[in-house]
Amino acid sequence: LVAARRTHATMPARKYSTEASGEKVVACRGDNLRVHFKNTRETAMAIKGKTIPGAIRYLEDVKVKKQSVPFRRFNGGPGRHAQAKMHNSKHHAGVTQCRWPKKSCEFLLGLLRNLESNAEFKSIPIDELRIKHVQVQRAAPTRRRLYRAHGRINPFMAHPCHVELVAWTPEAEGVSRTDGGPGMQVARS
């Protein structure tokens with residue numbers, strides 16, 4: 001029993017998918033968030049590249065339906081809306097489908113506020129930070145049962161997700177990453 005406690009206390013901390021380290025880098029993550037994976041992925045991709053205050057303003061606008069979240073990959077269900085045309089540019093042409101995922105916005109706003117507090121702790125000006133790395137992964141589904149007529153049972157599952165956000169300043173562009181993203185130095189060991 002004592003050995004089990006000792007191993008539990010020395011479990012390694014969770015790692016980020018990027019090895020973004022430095023003075024001007026802040027990161028945060030949320031594991032097993034009880035929010036839809038697909039909606040959260042599209043919402044997180046919409047805030048990538050924005051400053052932290054700009055991302056907070058954008059998500060607040062999405063909550064009150066002033067702006068929308070474009071659905072580019074998981075676009076089998078969302079309907080077409082005129083507000084989706086705001087997201088068309090020379091790089092992202094032909095976006096016609098969008099939604100206003102309120103719960104995903106609330107979870108991402110919590111993570112952005114965590115990024116803000118991490119930046120204040122490191123005494124980094126919040127206006128200089130840009131969200132450069134966003135990753136949303138599927139978590140293990142929570143399983144429940146739905147009892148149907150005539151003695152049948154169907155699965156009733158939720159699809160949670162893991163989210164990680166990393167922001168850094170333009171001066172810290174030489175931050176090493178393990179995934180070999182464009183314009184970054186690949187960390188080799």
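Gly30 stands opposite Val163 in strand E7. This is a predicted model, and that facing pair is a handy place to start reading it. The two strands concerned, E1 and E7 (residues 161-168), pair in the antiparallel sense over seven bridges.

His133 is found in strand E4. Is His133 buried or exposed? With a relative accessible area of 5%, His133 falls under the 20% limit and is therefore buried. Its side chain makes a polar contact with the side chain of Ser17, at 3.1 Å. Leaving aside residues up to four places away in sequence, His133 touches Ser17, Thr18, Glu164, Leu165 and Val166.

Now let us turn to helix H2. Nine of the eleven residues of H2 are buried, so this helix is largely enclosed by the rest of the structure. The buried residues are Phe37, Asn39, Thr40, Arg41, Glu42, Thr43, Ala44, Ala46 and Ile47. What covers them? The cover for the buried residues of H2 includes helix H3 (52-63), E2, E3, H4, E4 and E7. Just after H2, Gly49 takes a positive phi of about 90 degrees.

Phe37 has a relative accessibility of 9%, and so counts as buried. Its ring also takes part in an aromatic pair, and the count of such pairs comes to one. Which way do the rings of Phe37 and Phe74 face each other? Their centres are 5.7 Å apart and their planes stand at 70 degrees, so the pair is edge-to-face; the cut-off for that class is over 60 degrees. Phe37 lies in helix H2 (residues 37-47), while Phe74 is in the loop between strand E2 (69-70) and strand E3 (98-99), so the pair ties together parts that are 37 residues apart in sequence.

**Charges over rings**

| Charged residue | Ring | Distance to ring centre |
|---|---|---|
| Arg29 | Tyr16 | 5.7 Å |
| Lys65 | Trp100 | 5.3 Å |

Arg29 lies over the face of Tyr16, and the charged end of Lys65 sits over the ring of Trp100.

**The E5-E6 hairpin**

E5 and E6 form it, with five residues between them. Strand E5 (residues 142-147) and strand E6 (residues 153-158) pair in the antiparallel sense over six bridges. In the turn, His150 has a positive phi of about 60 degrees. How many of the six residues of E5 are buried? The count is zero, and E5 is hardly covered. Helix H2, by contrast, is largely enclosed, because nine of its eleven residues are buried.

Conventions
Residues numbered from 1 in each chain as written. Predicted model: local features only at pLDDT ≥ 70, side-chain atom pairs only at ≥ 80, totals over all residues. Heavy atoms only, no water. Phe/Tyr/Trp six-rings, centres within 6.5 Å; stacked < 30°, edge-to-face > 60°. Helix = DSSP H or I, 4+ residues; strand = E, 2+ residues; numbered from the N terminus. Buried < 20%, exposed > 50% of the residue type's maximum accessible area, 1.4 Å probe, protein only. Lys NZ or Arg CZ within 6 Å of the ring centre and 35° of its normal. Pairing = 2+ DSSP bridges. Polar contact = N/O pair within 3.5 Å; in protein donor to acceptor, adjacent residues only side chain to side chain. Contact = heavy atoms within 4.5 Å.
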